[in-house]
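The following exercises ask the reader to work through a structure step by step. Each task is followed by its solution.

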Amino acid sequence: MTALWRQNGAMPSVQIKDVPPETHAVLVQRAAAARQSLQEYLRTKLIEDAATPTMAEALARIGDKVRGTVTFEQAVEAVRSDRR
C-alpha cells in the first residue's frame, strides 16, 4: 500500500538545495556502503530522526505526565543531605 502512495505522489516530498560538495560526497559514500540509493539513505535518516524525540520534546512529555510536589531547592538539599 505504501508503494502505491509514493507512486501516486500522495506522500510529501522534500528537496534540499545548496548542499556543500564535501557533504554530498560523504552522503553518497555512506549510501553506497549501505547498498542504498542516496534518496533511500536520506529518507531512512529523516524517518529515524523524526522518530527520535529531541531533549525538549522528551522533557515536555515527562513534564506533562509527572507532577512532583518537591521543589528544586528541596531536591538539591535532599541530595546534599544524602551525600553528607
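**Exercise 1. Determine which residues Leu27 touches, not counting residues up to four places away in sequence.**

Step 1. Leu27 is located in helix 2, where helices (H or I, at least four residues) and strands (E, at least two) are DSSP runs numbered from the N terminus.

Step 2. With contact defined as heavy atoms within 4.5 Å, Leu27 touches Leu38, Tyr41 and Leu42.

Step 3. For Leu27 and Leu42, which stand 15 residues apart along the chain, the C-alpha atoms are separated by 8.2 Å.

The model is predicted: local features need pLDDT of at least 70, side-chain atom pairs count only at pLDDT 80 or more, and totals for chains, interfaces and linings use all residues. Residues are numbered from 1 along each chain as its sequence is written, and side-chain values use heavy atoms, with hydrogens and water left out.

**Exercise 2. Describe how helix 2 and helix 3 pack, and identify the residues that make the contact.**

Step 1. Axes are lines fitted to C-alpha atoms, for helices over the stretch in contact, and angles run from 0 to 180 degrees between N-to-C directions. On this basis helix 2 and helix 3 (residues 38-51) pack at about 95°, and their axes are 9 Å apart.

Step 2. Angles under 35 degrees count as roughly parallel, over 145 as roughly antiparallel, 65 to 115 as roughly perpendicular and the rest as oblique. Helix 2 and helix 3 are therefore roughly perpendicular to each other.

Step 3. Helix 2 contributes His24, Leu27, Val28, Arg30 and Ala31 to the contact, while helix 3 contributes Leu38, Tyr41 and Leu42.

**Exercise 3. Locate Asp18 and Arg35, and decide whether each is buried or exposed.**

Step 1. Asp18 lies in the loop between helix 1 and helix 2. Although not a glycine, Asp18 has a positive phi of about 60°, and its relative accessibility of 78% makes it exposed.

Step 2. Arg35 sits in the loop between helix 2 and helix 3. Arg35 has a positive phi of about 55°, although it is not a glycine, and is exposed with a relative accessible area of 78%.

**Exercise 4. Summarise the secondary structure, the burial and the confidence of the protein.**

Step 1. The protein has five helices and zero strands, following the pattern α-α-α-α-α along the sequence.

Step 2. Of the 84 residues in the protein, 2% are buried.

Step 3. The average pLDDT, the predictor's confidence in each residue from 0 to 100, is 87 for the protein, and 83% of the residues score at least 70.

Step 4. Confidence is lowest in helix 1 (residues 2-8), with a mean of 57, and highest in helix 2 (residues 21-33), at 98. Where pLDDT is low, the predicted coordinates should not be read in detail.

Technical notes: Buried < 20%, exposed > 50% of the residue type's maximum accessible area, 1.4 Å probe, protein only.
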